[in-house]
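Dear colleague,

I am passing a structure on to you, together with some notes on what turned up when I went through it. Please look at the coordinates alongside the text below.

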Amino acid sequence: ITGVIDTAGNLYVTGSGNSYATGLNSNLDVNTFQLVNDTGFQGKVVKYLVPSNMTYSTTGPRYHFAYILDSNGDVWSAGMEANGQLGNNSDGNRTTFQKVYRNTDGAKVVDIRVAVRSDSGATGSVILLLEDGSLMTTGYNGQGQGGNSVNSLNIEDTFKYVIGFGP
């Protein structure tokens, strides 16, 4: 999936729809850039994140997902759900973007990162950096990539604070 943010803060995507992560309410492939038309974040997109090593494989899906950070500091996700990486308290795939963090929940999110196990790509954790210096994570933590000091099968399906960061 490829996404482009125009100067007005609108998101356009193209690519594989079988990952559900285009946000176009479909699992069909898209071969031209299409506007992701959602009034919740349209005109406010400042970052679009699709992990670069989330590729489809002959041995199975790599659980594609995508995140949007808007100018309000809110976070949105879409895509395939397997290990809590969508942060939406669900185990279902999402073909449209859903708000998973509201700035009113705490400090404003200023950046989004993904930690992925290098040998599979299927076990991603998503990390939010908040303006107060704290971190929140969701997703798989089997090798500690969630940063919550537990090195076991620990799947979070909503964002949790990482102890030791922030105020």
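What pattern does the protein follow when it is read along the sequence? Before the answer, please keep in mind that this is a predicted model. The pattern is β-β-β-β-β-β-β-β-β-β-β, with eleven strands and zero helices in the protein.

As for the chain as a whole, 45% of its 167 residues count as buried, and the accessible surface comes to about 7900 Å², of which carbon and sulfur atoms hold 47%. Among the contacts with a separation of 6 or more, 44% are made by residues 24 or more positions apart.

One part of the fold that I looked at is an open sheet of four strands, in which the order is β4-β5-β6-β7 and the pairing is antiparallel. The edges of this sheet are taken by β4 (45-49) and β7 (94-101), and because each of them has a single partner strand, one side of each is left without a neighbour in the sheet. From one strand to the next, the twist averages 20°. Within the sheet, strand β5 (residues 65-70) and strand β6 (residues 75-79) run antiparallel and are joined by five bridges; F65, for instance, has G79 in β6 as its bridge partner.

Turning to charged side chains, a search of the whole structure finds three salt bridges. In one of them, K47 is paired with D111, and the closest N and O atoms are 2.5 Å apart. This pair links distant parts of the chain, since K47 lies in strand β4 and D111 in strand β8 (residues 109-115), 64 residues apart. K47 is partly exposed, with a relative accessible area of 22%, whereas D111, at 16% relative accessibility, counts as buried.

D111 also forms a salt bridge with R113, with 3.0 Å between the closest N and O atoms, and R113 counts as exposed at 51% relative accessibility.

D74 is buried, with a relative accessible area of 7%, while K99 counts as partly exposed at 25% relative accessibility.

Definitions and conventions: Residues are numbered from 1 along each chain as its sequence is written. This is a predicted model: local features need pLDDT of at least 70, side-chain atom pairs count only at pLDDT 80 or more; totals for chains, interfaces and linings use all residues. Side-chain values use heavy atoms; hydrogens and water are left out. Helices (H or I, at least four residues) and strands (E, at least two) are DSSP runs, numbered from the N terminus. Buried means under 20% relative accessible area, exposed over 50%, partly exposed in between (1.4 Å probe, protein chains only). Contact means heavy atoms within 4.5 Å. Accessible areas come from the Shrake-Rupley method with a 1.4 Å probe; for residues, only the protein chains shown count as cover. Two strands pair if DSSP finds at least two bridges between them. Axes are lines fitted to C-alpha atoms, for helices over the stretch in contact, and angles run from 0 to 180 degrees between N-to-C directions. A salt bridge is a side-chain nitrogen of Lys or Arg within 4 Å of a carboxyl oxygen of Asp or Glu.
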